[in-house]
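Let's take a walk through this structure together, one piece at a time. Have the view open and follow along.

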There are 4 protein chains.
Amino acid sequence: MASGPIPAAAPSSPAAEKELAELYAKFGAAHMIPLWTQLGELMPDEPAPRARPHVWRWSELYPLAQRAGDLVPVGRGGERRAIALANPGLDGMPFVTPTLWAAIQYLGPHEVAPEHRHTQNAFRFVLEGEGVWTVVNNDPVAMRRGDFLLTPGWNFHGHQNATSEPMAWLDGLDIPFVYGNDLSFFEYGPDGLSDTSTPERSRAERLWAHPGLQPVALLGSRPSSPLAAYRWEHTDRALVEQLALEAEGHQATVEPGHAAVRFSNPTTGGDVLPTIRADFHRLLPGAATTPQREVGSSVWQVFTGRGTAVINGVEHPVEHGDVFVVPSWASYEIRAEVGLDLFRFTDAPIFEALHQYRQLTLRGGTS
Amino acid sequence: MASGPIPAAAPSSPAAEKELAELYAKFGAAHMIPLWTQLGELMPDEPAPRARPHVWRWSELYPLAQRAGDLVPVGRGGERRAIALANPGLDGMPFVTPTLWAAIQYLGPHEVAPEHRHTQNAFRFVLEGEGVWTVVNNDPVAMRRGDFLLTPGWNFHGHQNATSEPMAWLDGLDIPFVYGNDLSFFEYGPDGLSDTSTPERSRAERLWAHPGLQPVALLGSRPSSPLAAYRWEHTDRALVEQLALEAEGHQATVEPGHAAVRFSNPTTGGDVLPTIRADFHRLLPGAATTPQREVGSSVWQVFTGRGTAVINGVEHPVEHGDVFVVPSWASYEIRAEVGLDLFRFTDAPIFEALHQYRQLTLRGGTS
Amino acid sequence: MASGPIPAAAPSSPAAEKELAELYAKFGAAHMIPLWTQLGELMPDEPAPRARPHVWRWSELYPLAQRAGDLVPVGRGGERRAIALANPGLDGMPFVTPTLWAAIQYLGPHEVAPEHRHTQNAFRFVLEGEGVWTVVNNDPVAMRRGDFLLTPGWNFHGHQNATSEPMAWLDGLDIPFVYGNDLSFFEYGPDGLSDTSTPERSRAERLWAHPGLQPVALLGSRPSSPLAAYRWEHTDRALVEQLALEAEGHQATVEPGHAAVRFSNPTTGGDVLPTIRADFHRLLPGAATTPQREVGSSVWQVFTGRGTAVINGVEHPVEHGDVFVVPSWASYEIRAEVGLDLFRFTDAPIFEALHQYRQLTLRGGTS
Amino acid sequence: MASGPIPAAAPSSPAAEKELAELYAKFGAAHMIPLWTQLGELMPDEPAPRARPHVWRWSELYPLAQRAGDLVPVGRGGERRAIALANPGLDGMPFVTPTLWAAIQYLGPHEVAPEHRHTQNAFRFVLEGEGVWTVVNNDPVAMRRGDFLLTPGWNFHGHQNATSEPMAWLDGLDIPFVYGNDLSFFEYGPDGLSDTSTPERSRAERLWAHPGLQPVALLGSRPSSPLAAYRWEHTDRALVEQLALEAEGHQATVEPGHAAVRFSNPTTGGDVLPTIRADFHRLLPGAATTPQREVGSSVWQVFTGRGTAVINGVEHPVEHGDVFVVPSWASYEIRAEVGLDLFRFTDAPIFEALHQYRQLTLRGGTS
C-alpha cells in the first residue's frame, strides 16, 4: 500500500482545500480520523514493523548488569534487578518486540528477589553460571547453565541466590503484549521465599520429566507446561541424537547440519506457554538455515559458538551471549562459522491461534 | 503495583545518585531499560488501560460522514470513505480500543468502493438504510437495516451503492491488533466490482443460512464464518422468542429482561472471526445488565431505544446510533429507559484463545 | 488375509498332529485361543462384514407396523411399539448394522409412549404423516413429514399422538454399539408425559433454529445438538438452493445433480450426535452418485422418488419408504430414475473420532 | 430394565395369542424384530456385560506358550505365535473383552516373525526376559523387562529373537473392536525383517524420549504416539518419585500408597493409541485402590508382588504375571499384600471420545 497510487481524495482547488481542512478539523474535534489519509501506514502491503533488527552484545550486557548489581539493591517494590532490551524502533519502550520482553536479570551472592505473581507468562534461559533457585508455586527449581525454566502466568515466584557468586540469565515474557492489550494483573507474595531449600531437582521435574509418562493424579490438559525446568543435559542429548541420526541417513534434522528441539507442554503437545514458543538450535560448522520470513517476532541468544545472523540482508556477526531480534516478516538466515548453539523464543503461538501466522521460505537466498 | 511501596532502588547519597545516573545513561546508550523504574506502569495490579470510556453521538457522526461524502471522492488509493472513531486515550491513533477499529463508512448514490483484500478481519453493521451491496469473494451481499455482514481476512471485497440514496454503516475491524503486531498483508483487486448484480440473498446465505444444516460439498471447520450475512429478521425473531420464553417461565435470557444472541460460525460453533466476537442485545424497558468487568475491550452501538451506559461509575445517556466503548476491566452496566436494542463487538476471542480472559460480576452494583 | 498362504502351523505327522491336538485342548481348558488358526477371519485384508446389503420395503414394513398397532398395546414395560430391521447377516439380532439400530415405530390415535431415558442416542425421521409430539426434556416437539428429530442420550423422552390418525416413523439409534460395548444405562420417567401441550414449534427451535445465531444464555459446545428438530421446509429449501446455484455455475452440490445437506450441531459444527451422522440427499432425474466404499455402515431411506441402489454390484430398485443398508466397505452407488430424495444415517463419527475412517472413490464405476 | 414391570404386550386370550404369533412370524420373514420383547436385554438399567471377570495364571499361560513354541513354527501365513486370552463369557471368541485383545506371544531362539501391517492398533508389555527386537516401520526396538512398546495401526512390523533364549510377552490390540465394526485392513510385508540390527535404543526413542522436547523436524499432532518404547527405568523412576513426594507431604499419588503413571502421546498429551489407554500402577504393601466402577473394560497384568483383585465382590488372589479382566461397570478394587506393581490397559479412549465414559467411586467399599 505504501507504494500505492495517489489517494483519490486529493482536493482540486483552494476552496475545496479549505472545506476539507474544516472537515478535518471537525473530525479532530469529534475524535474521528479518516482512513484514506492513513491507509498506507495502517494497512501496508506486507508487515512494515517499527521494531528493528538489532544485536545486543553480551560483552556489553553483562558488565552493565553487574554494575547494576553493585548500585541497585533488589527487593520489594522494584521486585527484580532485570534490565530490559529496548528495541531501538519502539519509541523508548522497554520492549524487544511489540509482543515480547527480554531482559538480563542479575542476582548477587545470597540475594533474594521476593515472591509475586502476575498474568504475564515468563521463562528464564541460563547462558552461564548456576546457584540460583527460582521458587515457582513453592517449588524450588535450580537454575543451571543451558537450562530453560518456566513461570507460567499467575504462579507465585521468587528467586534466591544460594551461593557466593553472582548469577545472570535471560528473562523472556509477554509483557508488551499484556501491556498493549491491558491484561495485567499483579499481586505481591511474601517478602521472603516460601521454600528456601535447594534441591537438585524440582518437584515439577520429579513428577513430569519422565519421557512420555504423566502422573495419573495430575492428568488433564493445561494452558502452560507443568514441567518447570527443561535441563541442558536433555536438550544437548536430543540435539546430539538428531545429528547422529542425520549422519546415519535418517530424517531427524530441520535441514542438513541443523538440529532443533521445541520445548513443549507434555499435557497438550503444544507450546510451553500460551503466548510464547521456545526452541533450541544447533548448527554444525559451515551449516546455515534456509532464508525465510515469518509473521510475528523472534529473539535469539547465542549459547555457544560463532556465526552470522543475516537479517534483511544485513550481516551481523554473533557469538556467545549475544541477543538479536528478528522483526515480523524480516528475512533471516543464520550461518555457523564454528558449531553454533542458539536459543530462540517467539510469539508464534499467538498468531497461530488466531490464524494469522504465515511463513515464507526464500529458496534462492536472502532477499 | 502503581500504589506499591517505594522502590528499593532509591539512591542514598549524591555520590550514589551520580553513579546511578551514569549507569542509566549507559543503559540508554546500550538500548537497555531497567524494570524497577517501570514496574508499576508496565505491570499494574489490574488493567490500567490508556483507552478511555467514550461516547460518539450519531447526531455528530452521520453529518460529518455526509459532509465527507460531499467533499471526498471514493476510489482507488484511498479505497474507502471510512472515518475511524479515535479513542481519546490512544495518542491520536485511529483506534477505538488497543485491538479494535470502528468507523462510519459512507457511500453516496451509485458510488463504488473498489475491490481489495487484506489480512485484517472485517464486519459491517447497518444501523439504518439500505441499497449497498458488498461483494465478498465475488458474491454480492445486500446490506440492509439491522444486518450484520462479514468480510473475513484475505477475502477480496468491494462495495457499490445501487441506489440514488446515500448509505452509511458501522465498520468493525481488527486493524489495531494487526498493526500493533505487524501482521498486515494487503492486495489490490480490480478497480470495478467483480459482480455488479444486486440479488436479494447472497450465495453464502443460500448455502449456509439454513438452521443446523451444512452443505455437504463444503464441509469442514473454517477459522471464520462462511455465512456472509446475518439478517435482521433472524436476529429480531431470536430475541423476540427469548423474551417470550422468559415470560413463559423458561431459561432463555441472560438475565431478567435481557435477551442476547451471539453471531456464530456454523462450522465450529465459535466466534464469527478469529479476533472478533459480535452479539446483539435487547433490554426490556427498565431492565439493566448486571454490572461487570471483563478483560479486553468492547464497542457498543445503540440500534434503537434510549438508555444509560454506566462505565466506571459514570452515567452516559445513549440513544439511536450512539457508539460507546468499554475499555479493559472497566466496570459497566447498561440500563434501558425504553426498550433498548444494542449491537456489540469485542476482542474476547483473542484473549480466550490465549487463556488471558477474565470476567468479574459485580453483584452489588457498579463500583 | 483370507486368501493368504497356508498357515505355517500345519503339523507334519500323525504324532505331531496328536501333540498339537493335545495342546489345543489345553488351550481350550485354559480359555486360550491361538491366533494362527483365526487370523484370516479376525484380521481380513479388507473389511469382510457379516452384515449384508439388504432392502426393506415400505410396502411391507408399514402394514406390519399397522398390524402391531392393532394387536400390541404400547405402555410401561415394553415402552415403545418399535419394530427393528434385523440385518440378515447378524445372527438374528435386531441390528441393522453392527453399530446402528433402525426401527419403524407406530403410534395409534391418541396413544402415549411413556417417558424414559437411556444413554443410547436416538433420532426420528418422518417419512409421512404428522400429529405426534415427542417430548424431549419436557419440551414437546411436533413431528411432521420430512422432519429430522433428535433425542440425544440421557434425555427423558416420551411420545403422544394427539390426533385420531395413526402415525409411523423411522427410529435410528446406536443401540448395537452401546450393547456390544456394555454402555447402557436406562431409567424410567413418569408414566404420563411431562408436557402434553402441542405447540407448532418446540422451545429448542425457538432458541436454536436461527441461522448462525446462538442464545448467549446457553453458550458452550455440547456433545449433541441442542436443536431438537430439523424441519423439512429448511432441508428442502437448502437443497433447492444448492441445485439452483449449480445451475447458475457455482460450487454448491456434491457432484452434478446431487445436492446434499448435513444435519449439524450448531455448538460445534460437527455431527448431531457423538455416534451418528445424518444427512439428506437429492438427486435430479438421471443423476447418480460416484461409486465409492466407506469404512463403517450406513442406512438409507427413500423419501420420495424412484431409483436404484447398486451395492457390491447388485442393483436394487428402491422407492418411497424403502430402507436399505450399506455394510462397511461395500461399494455403492445410487442412481435416480425420477428425482430422488433420500435420508441417510451412518456411524462415521465413531470411526472419524478414532482415526479409523477410510473412504475410496471408485472412479471407473462400481467394482 | 431387566427387573422392569411386565411388558404391556402380554396377549389376553388364545385368539389374540394366535394372531400375535402370526404377526411375529411375519416379522421374522420380513427380517424385523420387535423391541418390546427384547428391551430388558438390549437396554439394561446399567451395563450387563456378557464378558466375565476372569484370571489367567502366568503359571499356566507360560508353559502352554512354551509348548506351542515346541510344536508350532512361526512364519508367513500364521504370522505370529500368539495365543489369545478368551473371555469365558464371549462365546468362544478369542477376545478378552468386547473391544480388547490380549495374548501371550512367544518367540524361540533366533526365530523371526515376518513383517505385516494392519489397521488394528497394538502394543507389547514385557513381563520378563529380553532379546527380542520388534521392528516398527524399519526401526528395531529392543524389548526388555518392564518395557511398554507401541505398534500403532498401519505401521509395518515384525519381530526377531536375536538370542539363544526364548522370550514371551503380552500383546494388546483392539482386534475385537475392529472386528466387530468391520474396520480391518491387513497387508503383508517382506518375509524377512527390513532391519536386523539390534541397537540399544530405537530411532524413535533417540528422537522422542527426551522429556518435554520435540524434534522440530517432526512436529505436529499425531493420532498415536511416535515414541515406540516406554522403558522400565523411566516408569520405575516416575513411580519411585511419586511415592517419595507423597512421603514428603506433596500431592503426587492417586491415593495414599498408590502411585500411577499414564503412558502418553507426546504430540497431544493424550492416550498412546486412539483406542487404547495404558498405565502402570504401584501399590505399597497394605495399600488398596478405592473401589469403583467404570464404563468400558480393562485388563491388568501383575508385574511383581502379590495381592488381591476384588471384582464384583469376589476376591481373586493374584501374583507375578497373572492377567485379570474387569468388565464394564464391574466394581473393582485392588489390594496389595506385599508391594504390588501392575500394568493395565483399557478401551477408555473410545468411550471418552464418544462422550459415553462414566466412572463411579464407591466410597463405602465394594458393593
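Start where two domains of chain A meet: between domain 1 and domain 2 of chain A there are 3 salt bridges. Keep in mind that this is a predicted model. To see a salt bridge up close, find Asp147(A) and Arg231(A), whose side chains come together with 2.5 Å from N to O.

Now step back and look at the two domains themselves. In chain A, domain 1 covers 54-218 and domain 2 covers 231-361. Their contact draws 42 residues from domain 1 of chain A and 33 residues from domain 2 of chain A. About 3000 Å² is buried between these two domains of chain A, and carbon and sulfur atoms give 68% of that.

Next, the nonpolar side of things. The largest nonpolar core has 56 residues, and Met32(A), Ile104(B) and Phe280(B) are among those with the most contacts inside it. Helix H3 (residues 58-71) of chain B gives the largest share, 7 residues. Domain 1 (54-218) and domain 2 (231-361) of chain B both contribute residues, so this core lies between them. Setting aside neighbours within four places in sequence, Phe280(B) touches residues including Phe125(B), Trp232(B), Phe263(B) and Phe343(B).

Notes
Residues numbered from 1 in each chain as written. Chains lettered and ligands numbered in written order. Predicted model: local features only at pLDDT ≥ 70, side-chain atom pairs only at ≥ 80, totals over all residues. Heavy atoms only, no water. Core = buried A, V, L, I, M, F, W, Y, C linked by side-chain atoms within 4.5 Å. Buried < 20%, exposed > 50% of the residue type's maximum accessible area, 1.4 Å probe, protein only. Helix = DSSP H or I, 4+ residues; strand = E, 2+ residues; numbered from the N terminus. Domains from an automatic or database assignment. Contact = heavy atoms within 4.5 Å. Buried area = accessible area lost by both parts, 1.4 Å probe. Salt bridge = Lys/Arg side-chain N within 4 Å of Asp/Glu carboxyl O.
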